[in-house]
Structure formats: C-alpha cells, structure tokens
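I opened my notebook to look up a few things in this model, one entry at a time. Come along and check each entry against the view below.

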Amino acid sequence: MAQDLSDELTGAAKFRSLAGPVKGLERFLLCTLTLAGAAWAGELHIFLGLNFFKEQYLGLFVALALPVVFIAVKSRRGQAGDRVPWYDWLLALAGAVAGGYIVIRYPA
C-alpha cells in the first residue's frame, strides 16, 4: 500500500523508462515542442516574415505533443515500462498525422 502511494506521488507508475533510440526520439520531440513554443511566444515567425494562423501553430503543438504522450506514458499501471507497445506507436503516428494535417491544410 505504501509503495503504491509513493509511486503515485512520484509518477513512477505512469511513465516508461525508455532507453536507446526511443529515448532519443522522446527527447527530440520534447525539445522541439519546447523550442516551437518559445519561438511562437517570442514571435520569431514575425521577425522571419512568415505568416501562420494560430490554429496552424496549435496543430503543430498537437503533432508534437500527442506522439510524446503515447510514447512516454503507460496506458495501464501493470504494463512493462521498458518498451512501447505497437498500439501506442500506431496512436502516436495517428496523432502526428492529425496535427500535421491541420498545419498543412488549415489555410485551405
């Protein structure tokens, strides 16, 4: 009981402990998400002369955030935390495609 409570407080039961290329992909997506948010907040696109709709930025945010969630967070508590199941890869890809579609097709 005490172990379950400490896991819930620290979040260890929720997140996967990944290694290798999957960990690198997770970190890349998180860093890109942070840099994209900082660039938008700093209005870097205006200085570069690029025009974006707010919804396109939000689509980019979805395209980066959803894959990270499906890769890094376990869907069930008893699940192994050292690998990502096939269905989470499929959902991560679907989230990236949905966000990318918004980014590309929103102006039309």
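**Entry 1: aromatic rings**

I started with Phe61, which is partly exposed at a relative accessible area of 38%. For my own bookkeeping, buried means under 20% relative accessible area, exposed means over 50%, and partly exposed lies in between, with a 1.4 Å probe and protein chains only. I noted that this is a predicted model, where local features need pLDDT of at least 70 and side-chain atom pairs count only at pLDDT 80 or more, while totals for chains, interfaces and linings use all residues. I also noted that residues are numbered from 1 along each chain as its sequence is written, and that side-chain values use heavy atoms, with hydrogens and water left out.

Next I looked up Tyr57, which counts as buried at 15% relative accessibility. Tyr57 and Phe61 both sit in helix 4, 4 residues apart, about one turn of the helix. How many aromatic pairs does the structure hold? I found 4 aromatic pairs. The pair of Tyr57 and Phe61 is tilted, because the ring centres are 6.4 Å apart and the planes stand at 40°. The rule I used: rings of Phe, Tyr and Trp (its six-membered ring) pair if their centres lie within 6.5 Å, and planes under 30 degrees apart count as stacked, over 60 as edge-to-face and the rest as tilted.

**Entry 2: the chain as a whole**

I then stepped back to the fold. I counted 5 helices and 0 strands in the chain, and the pattern along the sequence reads α-α-α-α-α. Helices (H or I, at least four residues) and strands (E, at least two) are DSSP runs, numbered from the N terminus. Buried residues make up 26% of the 108 residues. The accessible surface comes to about 7,600 Å², and 69% of that surface belongs to carbon and sulfur atoms. These areas come from the Shrake-Rupley method with a 1.4 Å probe, and for residues only the protein chains shown count as cover. Among contacts with a separation of 6 or more, 74% link residues 24 or more positions apart. Contact here means heavy atoms within 4.5 Å.

**Entry 3: helix 4 against helix 5**

How do I describe two packed helices? For helix 4 (residues 54-72) and helix 5 (residues 86-105), the axes come within 7 Å and cross at roughly 175°. That makes helix 4 roughly antiparallel to helix 5. Axes are lines fitted to C-alpha atoms, for helices over the stretch in contact, and angles run from 0 to 180 degrees between N-to-C directions. Angles over 145 degrees count as roughly antiparallel, under 35 as roughly parallel, 65 to 115 as roughly perpendicular and the rest as oblique.

I listed the residues that meet: helix 4 brings, among them, Gly59, Ala63, Leu66 and Phe70, and helix 5 brings residues including Trp89, Ala92, Gly95 and Ala96. By class, this contact has 13 nonpolar, 5 polar and 2 charged residues. Ala, Val, Leu, Ile, Met, Phe, Trp, Tyr, Cys and Pro count as nonpolar, Asp, Glu, Lys and Arg as charged, and the others, Gly among them, as polar.

I also looked at Leu93, found in helix 5. Leu93 is exposed, with a relative accessible area of 53%.

Is Glu26 buried or exposed? Glu26, in helix 2 (residues 21-41), is buried, with a relative accessible area of 10%. Not counting residues up to four places away in sequence, Glu26 touches Leu18, Val68 and Ala72.

Leu30 is in helix 2 too, and is partly exposed at 37%. Leu30 and Pro67 are 37 residues apart in sequence and 9.8 Å apart in space, C-alpha to C-alpha.

My last stop was Glu43, in the loop between helix 2 and helix 3 (44-47). Its phi is near 55°, a positive value in a residue other than glycine. Glu43 counts as partly exposed at 43% relative accessibility.
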